[in-house]
Amino acid sequence: MFDELNDLYQQVILDHCRQPRNFHPLQPASCSAQGHNPLCGDQLTLYLALDGEVIKDASFVGDGCCISKASASLLTESVKGKTRAEVQTLFEQVHEMVTTGRAAENVGKLSVFAGVHKFPTRVKCAILAWHAAMAALRGDGQPVSTENNPAGTGDL
Ligand code: ZN
């Protein structure tokens, strides 16, 4: 699929895939959640540390395809310093972007995933970490799966 993505986007995704940022368990973490995409085999655990409503730190561990790892890596960079409400908005913007290709202005580097909408099987790879982040913030401790998505988070 990379041949069809813009070169710059490809480079950013490959860079984050090969050298994921914040790739470690977080101690202490305020919350965490597991995400699983059985169609591709992507599996990750996302950790968040909160100070009140603000996300102070984020990290992840896991294994999967390049898109899923790069997405989780960029997520951990993107959510730091944001409030719960801002992360919820960002999730909705990323979801819109990977399903339609339309990137909101404030998604920043995350716009590298806009091209994923052309590859429906990879959309779940790109959004997996975001569903895990939403699950962690909900704090119900339930693992999320792209194939058995709990009510309230919307269809993938
Ligand atoms: Zn994948």
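Colleague: What does the relative accessibility of Cys40 come to?
Modeller: Cys40 has a relative accessibility of 34%, so Cys40 counts as partly exposed. Buried means under 20% relative accessible area, exposed means over 50%, and partly exposed lies in between, with a 1.4 Å probe and protein chains only. This is a predicted model, in which local features need pLDDT of at least 70 and side-chain atom pairs count only at pLDDT 80 or more, while totals for chains, interfaces and linings use all residues. Residues are numbered from 1 along each chain as its sequence is written, and side-chain values use heavy atoms, with hydrogens and water left out.

Colleague: Does Asp42 count as buried or exposed?
Modeller: Asp42 counts as buried because its relative accessibility is 0%. Cys125 is likewise buried, at 0%, and Cys65 counts as buried at 15%.

Colleague: Changing topic, how many disulfides are there?
Modeller: The count comes to one disulfide, where a disulfide is a pair of cysteine sulfur atoms within 2.5 Å. Cys17 and Cys66 form this link, with their sulfur atoms 2.2 Å apart. Cys17 is in helix α1 and Cys66 is in helix α2, so that distant parts of the chain, 49 residues apart, are linked.

Colleague: What is the handedness of that link between Cys17 and Cys66?
Modeller: The link is left-handed, with -115° about the S-S bond. Cys17 counts as buried because its relative accessibility is 13%, and Cys66 is buried with a relative accessible area of 17%.

Colleague: How far does helix α1 reach?
Modeller: Helix α1 (residues 7–18) has twelve residues and reaches 16 Å from its first C-alpha to its last, close to the expected 16 Å. The expected span is 1.5 Å times one less than the number of residues. The buried residues in α1 include Val12, Ile13 and Leu14, and α2 is among what covers the buried residues of α1. Contact means heavy atoms within 4.5 Å.

Colleague: How do β1 and β2 pair?
Modeller: Strand β1 (residues 31–37) and β2 pair in the antiparallel sense over seven bridges; two strands pair if DSSP finds at least two bridges between them. Ala33 stands opposite Leu46 in β2. The two strands form a hairpin with four residues between them, and Gly41 in the turn has a positive phi of about 95°.

Colleague: And which sense do β2 and β3 pair in?
Modeller: β2 and β3 are antiparallel, over nine bridges. Leu44 has Gly62 in β3 as its bridge partner. Their hairpin has two residues between the strands, and Gly52 takes a positive phi near 65°. β2 is mostly covered, with eight of its ten residues buried.

Colleague: Which residues does a cis peptide bond join?
Modeller: Gln27 and Pro28 are joined by a cis peptide bond, with omega about -10°. Pro28 lies in the loop between α1 and β1. Asn22 is found in that loop as well, and has a positive phi near 55°. Most residues other than glycine have a negative phi, and most peptide bonds are trans.

Colleague: Lastly, how many residues has the largest nonpolar core?
Modeller: The largest nonpolar core has 47 residues, and those with the most contacts inside it include Leu46, Leu48 and Trp130. A nonpolar core is a set of buried Ala, Val, Leu, Ile, Met, Phe, Trp, Tyr and Cys residues joined through side-chain atoms within 4.5 Å. α4 gives the most to this core, with 13 residues.
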